[in-house]
Amino acid sequence: MAALTPLQRTARWAAVLLPLGMAAATAFLAWARWPRYWLWIALEETPFTFLKALLLYTTAGCAVVLALTSDLAGRPRAERRGWWLVALGFLYLMADDRFAFHERIRDRVLAPLGWRLPWGAPGDYVTLVYFLIALLMLPTVMRLYRPHPLATWLLVAAVALAGAAFAADSVNPFEMPVAVERLEQTLEEAVKGLADAFFAASAWAVLADRLENLARRARAGAAGETGHPLASGGL
């Protein structure tokens, strides 16, 4: 087995450290406000929201670089469009996390209409709609990730966690005791945070492969221009 390059090692470290770091940050924020552990996690506009938005922005940033370098890497135009779609999707999710778009739509537009899922509160299904849209996009995204095994496994973990969190988000919290609601909302946000960490790690794994391939091509080109023995098959 070939030795890992520094870029490939960063991808593997990110796969471990980003989820662990998010879990540690969640535990710290709960401890910092104990016994009111939910205040910095479950509510809107909290330090935890900032961390989630940062991870989503990182994912979108990786997708932007992948889109911009698709031509350099000799990738099909459809792949470039796919990465732009991924970037826009995660930028929207970041803005939604930061500015609570779906909560405002739910509370101000949908809830007064009385529309609801059988197990949910009126209007409280917007994030489930988001997830269904994401599922429709998933085949396109999987094609982008499929050549990168580590990134693919990280993406699968992220989608599974996000699905669990979005399903929990559709349950009516007003039918729960207050203590149970706070715990459920906190755990739901913690799972979303882990999903965001896996999304960021998966995007970086693809980008690390892309940068490594571009660097390898640049070294080969430089060797050819300088007449390095490797360029003619020597050594």
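Helix α2 crosses helix α3 in a left-handed sense, left-handed being the label when the near helix is turned anticlockwise from the far one by less than a right angle. Helices here are DSSP runs of H or I with at least four residues, and strands are E runs of at least two, numbered from the N terminus. The model is a predicted one, so to speak of local features takes a pLDDT of at least 70, and side-chain atom pairs count only at pLDDT 80 or more, while totals for chains, interfaces and linings use all residues. Residues are numbered from 1 along each chain as its sequence is written, and side-chain values use heavy atoms, with hydrogens and water left out.

Back to the pair itself: α2 covers residues 47–68 and α3 residues 77–99, and they pack at an angle of about 165° with their axes 8 Å apart. Axes are lines fitted to C-alpha atoms, for helices over the stretch in contact, and angles run from 0 to 180 degrees between N-to-C directions. That angle makes α2 roughly antiparallel to α3, a term kept for angles over 145 degrees. On the α2 side, the contact (heavy atoms within 4.5 Å) includes L56, Y57 and V64; on the α3 side, W83, W84 and F90 are among the residues taking part. Sorted by type, the contact has 17 nonpolar, two polar and four charged residues. Nonpolar here covers Ala, Val, Leu, Ile, Met, Phe, Trp, Tyr, Cys and Pro, charged covers Asp, Glu, Lys and Arg, and the others, Gly among them, are polar.

The loop between α2 and α3 holds R75. This arginine, R75, is partly exposed, at 37% relative accessible area; partly exposed lies between buried (under 20%) and exposed (over 50%), with a 1.4 Å probe and protein chains only. Neighbours within four places in sequence aside, R75 touches S70 and R210.

A second pair is α5 (residues 126–145) with α6 (residues 149–169), whose axes come within 10 Å and cross at roughly 170°. These two helices, α5 and α6, are therefore roughly antiparallel as well. Among the residues in contact are F131, L138 and Y145 of α5, along with L155, G163 and F166 of α6. The α5 and α6 contact splits into 12 nonpolar, three polar and one charged.

As for the whole protein, there are seven helices and zero strands. Of its 235 residues, 43% count as buried. Among contacts between residues at least 6 apart in sequence, 69% join residues at least 24 apart.

How values were computed: Parallel < 35°, antiparallel > 145°, perpendicular 65-115°, else oblique.
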